[in-house]
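Please open the model in your viewer and keep the sequence panel beside it.

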Amino acid sequence: MVFDVTQDIKYIGVDDIGLDLFEAQYAVPDGVSYNSYVCVDKKIAVFDTVDDAKTAEWLSNLESVLKGNKPDYLIVSHVEPDHSSSLPAFLGKYPETTVVGNEKTFILLKRFYGDIPNKLTVKDGDVLDLGRHVLTFVFAPMVHWPEVMLSYDKTDKVLFSADAFGTFGALSHGGEWLDEARRYYINIVGKYGNPVQAVLKKVSALDINVICPLHGPTLSENLAYYIDKYNGWSLYNYEEKGVFIAYASVYGHTACVAKLLADALEKRGVKTQVADLNRCDMSWAVATAFKYDKLVIASVTVDAGLMPCTELFINKLKAKNYCNRTVGFIQNGSWAPVSAKLMRSSFESFKNITLCNTDVTVNSALDESASLQLTKLADELSK
């Protein structure tokens, strides 16, 4: 796919609609894009390569823009292989190209691909003059790898943002940005809120007309909206008031209780969303938990412990620094139910989490005692 970002800057990225799992763990039913760009000037700069599964298509896109010319620079924003693994093929075709990166870039590139023959090592704030266009490099360590750097073209006011502002989904899919951007951010970048805040402060001083991420669509309208979302996500703020109810059920009784709680909350005017942790994509469940200000986990007790999907969900939340939320628990067990105790113990190690006072205990199926507890929990969550 080739299109104009500006008069001199061209998109030459590729879609991968055959990929089932991004980074071997995140479901991508609508595929993913690997984005790459070229700035055609007195000096020609290519911004990143693509996953080696799409090398041939990418090189064809590049050739159609170069029109017989050779690139002077390859700027490596991020070394992760979905953006760099076509580098050996690129250098095989254009061996005189200078690879531009920072000190950590070249340490990681060597580990993946060996020595780079022609390289230019830049520092934070350094500039690269292409002719009409002048690039400034903005380091973004731990967003979400240590070598990440952004590039800003002050001529066309374009920010090449590496993985920041990226989404799941192939460009040919054309889906809406928000849900897939949230799922991408929370699961890929979410742990690194403080580094994202540091980078947002840096780029706030730049006059930006276009954001060019390494995944998903280029952004050129209402940029304040996208920046505001990133600011909120990196501060671990919730987007909406509401309750996400995530359940793990075996024979349907725990699922029934979760849905009854949702009904009770809706009648109290509280927005709810319900998910089956055994069946939904875990990255979606984690992202949805971050969307709302309250979370309830309903889980059966299995082998004197938690359902595996419940344990995985909690561990994922902790890994992504889930905080600033209210959390409640529902447990089920035909004998010796302990899932609420175990979940509560896990969340006590989280930062800035308010735990509900009421734990609902279901012994096999809902009875009058559990119904009263459920009402009490609904009252607490609706305050």
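**First stop: helix α6**

Select residues 193-203, which form helix α6; helices (H or I, at least four residues) and strands (E, at least two) are DSSP runs, numbered from the N terminus. Within α6, the residues G193, V196, Q197, V199, L200 and V203 are buried, where buried means under 20% relative accessible area, exposed over 50%, and partly exposed in between (1.4 Å probe, protein chains only). Turn the view to look down the axis of α6: the buried residues fall within an arc of 165 degrees, so they line one face of the helix. That arc is taken from the directions from the helix axis to the C-beta atoms. On the other side of α6, N194 and K201 are exposed. An α-helix has 3.6 residues a turn, so residues three or four places apart point the same way.

Before continuing, note that this is a predicted model, in which local features need pLDDT of at least 70 and side-chain atom pairs count only at pLDDT 80 or more, while totals for chains, interfaces and linings use all residues. Residues are numbered from 1 along each chain as its sequence is written, and side-chain values use heavy atoms, with hydrogens and water left out.

Next, display what covers the buried residues of α6, including β13 (134-139), β14 (149-153), β15 (158-160), α5 (177-189) and α7 (223-234).

Which residues line the largest cavity? Select V143, L150, L159, A164, F165, V196, V199, L200, V203 and Y230 to display its lining. On a 1 Å grid over the protein atoms alone, a cavity is a set of points where a 1.4 Å probe fits but cannot get out, and a pocket is an open set with protein on both sides within 12 Å along at least five of seven lines; lining residues have an atom within 4 Å of a point. The volume of the largest cavity is about 70 Å³, counted as the space filled by probe spheres set on grid points that are joined across faces, edges and corners. Helix α6 supplies the largest share of this lining, 4 residues. The lining divides into 10 nonpolar, no polar and no charged residues; Ala, Val, Leu, Ile, Met, Phe, Trp, Tyr, Cys and Pro count as nonpolar, Asp, Glu, Lys and Arg as charged, and the others, Gly among them, as polar.

Now select V143 together with H144, which are joined by a cis peptide bond with omega of about 5 degrees. H144 lies in the loop between β13 and β14. Then move to K157, in the loop between β14 and β15. K157 has a positive phi of about 60 degrees although it is not a glycine.

Select L295, F313, L317, Y322 and F347, the residues with the most contacts inside the largest nonpolar core, which has 90 residues. Such a core is a set of buried Ala, Val, Leu, Ile, Met, Phe, Trp, Tyr and Cys residues joined through side-chain atoms within 4.5 Å. Helix α5 gives the most to this core, with 7 residues. Centre the view on L317: leaving aside neighbours within four places in sequence, L317 is in contact (heavy atoms within 4.5 Å) with V286, A289, F290, L295, Y322, F347 and F350.

For the largest pocket, select V300, T301, N332, G333 and S334, which lie nearest its centre among 17 lining residues. About 330 Å³ of space lies in this pocket. Strand β19 (292-302) and helix α8 (253-267) are the elements that give two or more residues to the lining, and β19 gives the most, with 3 residues. By class, this lining has 7 nonpolar, 9 polar and 1 charged residues.

The second largest pocket holds about 210 Å³ of space. Its lining includes G193 and N194, together with Y322 and F350.

**Last stop: two contrasting residues**

Finally, select K341 in helix α11 (residues 339-347); at 64% relative accessibility, K341 counts as exposed.
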